[in-house]
Amino acid sequence: MTTPLLPREHYLNVRYGIKSWLLTKDHKRIALLYLITVTGFFFLGGAFAVLIRLELATPAGDLLSSDTYNKMFTMHGVIMVFFFLIPSIPAILGNFLVPMMIGAKDLAFPRINLLSWYIYILGGIFTLWAVIVGGVDTGWTFYTPYSTAASNTNVVATGLGVFITGFSSILTGLNFIVTIHRMRAPGLTWFRLPLFIWAHYATSLIQVLGTPVIAITVLLVALERTFRIGIFDPALGGDPVLFQHLFWFYSHPAVYIMILPAMGVVSEVVACFSRKNVFGYSFVAFSSLAIAVFGFLVWAHHMFVAGISVYAAMVFSFLSFAVAIPSAVKVFNWTATLYRGAIWWQAPLLFVFGFIGLFTIGGLTGLFLASLGLDVHVHDTYFVVAHFHYIMVGGAIMGYMAGLHFWWPKMFGRMYPEPWAKFAALVVFVGFNLTFLPQFILGYMGMPRRYHAYPEEFQVLNVMSSAGATILGVGYLIPMIYFIWSLRYGRAAGPNPWGATGLEWTTQSPPLTENFPVTPVVAEGAYEYSKREMRVV
Amino acid sequence: MWSGFPLFPEQASTLASEVDHLYFFLVALTAFFSILIATLIVVFAIRYHRRNPAAVGAPITGSLPLELMWSIIPFGISMVIFTWGATVYFNMARPPDETLEIYSVGKRWMWKFQHIDGQREINELHVPIGRPVKITMTSEDVIHSLYFPAFRVKADVIPGRYSTVWFNANKAGEYHLFCAEYCGTKHSGMIGRVVVMEPAAYQAWLSGGTGEMSLAARGQRLFEELACHTCHLPDGSGKGPSLVGLFGSQVKLADGSVVTADESYIRESILNPQAKTTAGFQPLMPTFQGLVNEEGLLALLEYIKSLQPAGAPGAPAAASTGVETQGERTSQ
C-alpha cells in the first residue's frame, strides 16, 4: 500500500474566494457552509446547556435569575432542535452524500439547495436577534396561552425564526426526494440503494409533509400575540389545547427527522466495519418508511394529562407502541450484522456502538411514556428530559459524530487522528450516561422539568448530572480540535481509506466538483463486502 | 447534601403501587433488552474482531424467521404493556362514586384550594387518609398542572375549563405538591405540600377552621349579590329556569338538543349564557364575564349543586353552614 497523496484538483481548490463559496451551487460546498453554521449553533446551544447545568448544581436558584434561567432552557431547546438537530445530518452529510451515493453530479435543484442555506441563515438571524435583544422564555414548545398572552419576551421574533427556517427544511427535503427519484446512476435500483438514502428519503417525506404544520402553528401564535385574534387563548374564545395538537403534529415527527438520518449513518458504518451486508436490508429500509408514516399518528401521546378523552388516549398509546417496533427491528438487524463479521474497531464504529446502546435505552424508556398510567406520573418530569436526550443526544448526535468521522476523509481528503477519536467516543459515552441516567431517577422521584430551583433531596443526582455534562462537553470539544487540526496535518486519506463499498468511495477524496469523472454504472447491491477482496486504496 | 438521598418516591396513595408495579416491570424489561444488546455487541465485536486487514464477513443477508421473531415478540410484549398501562389510566380517570370534593384554582404562581366546608388554603392541602379525594380545578391565567409525586397523579389545569384529579391517600405524612406545566417566572416556586392526616386529626383540622361560611353559602351570597335569584326562582316561574335539581340533570335546549348540566355547562351558562339557552326561555340573561372570578364561579357552582329538590338524598339546606355538613357531602 503506497501512501496516498491529495488529488491535484478537487472541489475545495477549484475556486478560491468568498464569492466562490457564497454563490456556490456545488452540493458539497453547500454542505460545508451548513457544517460551519450548524456547528456554530451547536456550541451556542451547548453554552446555554452549560449555564443550565451550572444553575442546577445547587437546589436554590442562585446563579441566574428565574427569568434568565427560563430563557436559557428555552433558547437551548429552540437552537438545538430547529438549528442543530434538524439540519445536522440531512443538511451536512445528506447534502454532501446523497448525490455521491447515487452517482449523480449534484442535487436536482442546486440553486434551491443554496437558497435553503440562505433561508436557514435568515431564520437563524431572526432567532439570534431575539436572543440578543433579550431572549425568549416560553420553552421551545411555545405552549399557549402562556406564549400568546403571558410571556413578555421575544416570542414573535423567535417564532419567525422557526417559521423561516422551516422553509429551508422543506426545500432540502424536496430536493432529496426529486434527486433520489430522478438522478440515480444506471443500474442503481431502489433495492440497491444504500440505507442512508432510504433513511433520507423517509426523512424528506416528513420534512415536506410536517414542516408546513409547525409553520402555520407559530404563525397563528404570532397573530394571536400581535393582533389578539382568538385562536388559542380562552380569554379570547380560543382553545389552548388545540395548540398542543397542532404543535405536536409536527414536533413528534420532527423527532424522526432527527433520528432517521442517524439510523442511515449507523447502517453504513455497521456494514463497512463488519465487512458484511446489512442484515435484513429490506426490513431496515422499510422500517424507515414505517417510522415516517406511523410517526405522524402518535402526536397526542404528549397530551395524556391535558384532558383529552380516555379513548383518544388509548388509541394514541396503542399507536405509540406500534411505532416502537420498526425501531426495535433496526436495532436487532444492526446487532445481527455484526455476527460473523470481520470487525474493524475504528472510531466511527465505536460511535455507532454508542448509538445502538443509548438509542436502545432511549427507545425502551419511550415505552414508559407510551404506557398511559405510568405517563401520568412521569409526564413533564426529568424522566421525559432524560428519555428524549437519550434519543436526540445519545442517538442523533452519536450518529452524527459517527458519520462525521466516517466521511471526514471523503469530505476533506485527510484522516482525523484515530486514537484521539476513539478517546473522544469513550468520553462522550461516559459523560452522556453520567449526565442523563440520574435524570431518569430524578424524574421518577417527581422532579418536574423546567425548574429553576428544586427541593434539596434532589441535589445529589443533579450534581452527578452536572458533572457528567462537563465531561460530555469535553467529549465534544476534543473532536472540534482534532478535526480542525486534521485539515492541515491529517494524513492524506486516498479515495477509500475504509475499504468501503458505496459509490462515494469510488472517486477521489476530496471529490471533483462534478463528483465522478465518468457516471458510474451499478451492478450489485450496496453492501457486497463479502464478495469482494478487501481493498484499501 | 447527602442527608436524605432517596432514589425512589414515597408511596402514599392506593394508585402509587399500581403505577410502581408497571414501572418495575418496565425497568426490568429495559435492563433485559439493553443488557442483551450490549452483550451481543461486545461479544460479537471481540469474537469477530478481524484477524487480518483483508478479512471479510460471512455472506449472510438476513433471515425471515428471525425478522418475524423480533417483530412479533416485541409487539406482543408491547401489547401487554399497553393493556396494563391503559388499565391503570382508567383507574386514574374514574374516581369512585363517593369522593370528598375539593376545588382548586391555579394562578401564577400559587395554588388555591377550597374545601366544601369553607376552609381555604394556599400552597397547602390537607386531606384525610383512606378517603378518595377529587379535586376539580381551573386556572385563572395560563396552563398549570397539579402534580402529587407521592400519589403518582397529575392533571393539567387549563384556563376556561374544569379538569379533575383524584387520589386515595393511604399514608399519613407531608408530601410535595408541584406545578408540572411550565408557567413562567416562578414556575419552580409554584409548589407546596399536601398533608395527609388520620381521619380524627383531619376532623380536628376541619373544625379548627375559622368558622368561615361553607362554599355553598358563599355561593348563595354571591347568587344574591349578582341578583341571579331575581330571575332563577326555585319554582321555575321566573324569567330564567329554576336551578333546583339542575346539576347532573339533562337539559333540553332551545335548539332541541339535550346536554348534561355538568360543571362546564354551568360555567359556560354563567359566562356565555346565549351559548346554550334552555328550551322555553328567552335569551335575556346578560354575561357575567368579568363580574365573577374563578373562585366565585366555583362557589356559585357549589351552591347550584346544593340545590336539590326537597326530600332528595343528601340535599342540605341551601344556606347550610360549614358546621352542619363537616365535609360529609359527597358527589352524586
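Let's begin at Gly187(A), which sits in the loop between α6 (155-182) and α7 (195-227) of chain A; helices (H or I, at least four residues) and strands (E, at least two) are DSSP runs, numbered from the N terminus. This is a predicted model, in which local features need pLDDT of at least 70, side-chain atom pairs count only at pLDDT 80 or more, and totals for chains, interfaces and linings use all residues. Residues are numbered from 1 along each chain as its sequence is written, while chains are lettered from A and ligands numbered from 1 in the order in which they are written.

Is Gly187(A) buried or exposed? Gly187(A) counts as exposed because it has 12 C-beta neighbours inside 10 Å. (A residue is buried if 20 or more other C-beta atoms lie within 10 Å of its own, exposed if 12 or fewer, and partly exposed in between, with C-beta atoms placed from the backbone.) Leaving out residues up to four places away in sequence, Gly187(A) touches Val521(A), Val522(A) and Ala523(A); contact here puts the C-beta atoms of two residues, placed from the backbone, within 7 Å. The C-alpha atom of Gly187(A) is 9.1 Å from that of Pro520(A), although 333 residues separate the two along the chain.

Now look across to the other chain. There, 81 residues of chain B are in contact with 82 residues of chain A. On the chain B side, α1 (14-47), α2 (64-93), β6 (144-148), β7 (153-157) and β9 (173-179) each supply at least two residues. The largest share, 19 residues, comes from α2(B). By class, this side of chain B has 53 nonpolar, 19 polar and nine charged residues; Ala, Val, Leu, Ile, Met, Phe, Trp, Tyr, Cys and Pro count as nonpolar, Asp, Glu, Lys and Arg as charged, and the others, Gly among them, as polar.

Within chain B, an automatic or database domain assignment sets the domain bounds, giving domain 1 (10-39 + 66-212) and domain 2 (215-325). Their C-alpha centres lie 30 Å apart. The contact takes 14 residues from domain 1 of chain B and ten residues from domain 2 of chain B.

Finally, turn to helix α5 (residues 263-271) of chain B, whose buried residues are Glu263(B), Ser269(B) and Ile270(B). Seen down the axis of α5(B), these fall within an arc of 135 degrees, so they line one face of the helix; the arc is that of the directions from the helix axis to the C-beta atoms. The buried residues of α5(B) pack against β5 and α6 (294-306) of chain B.
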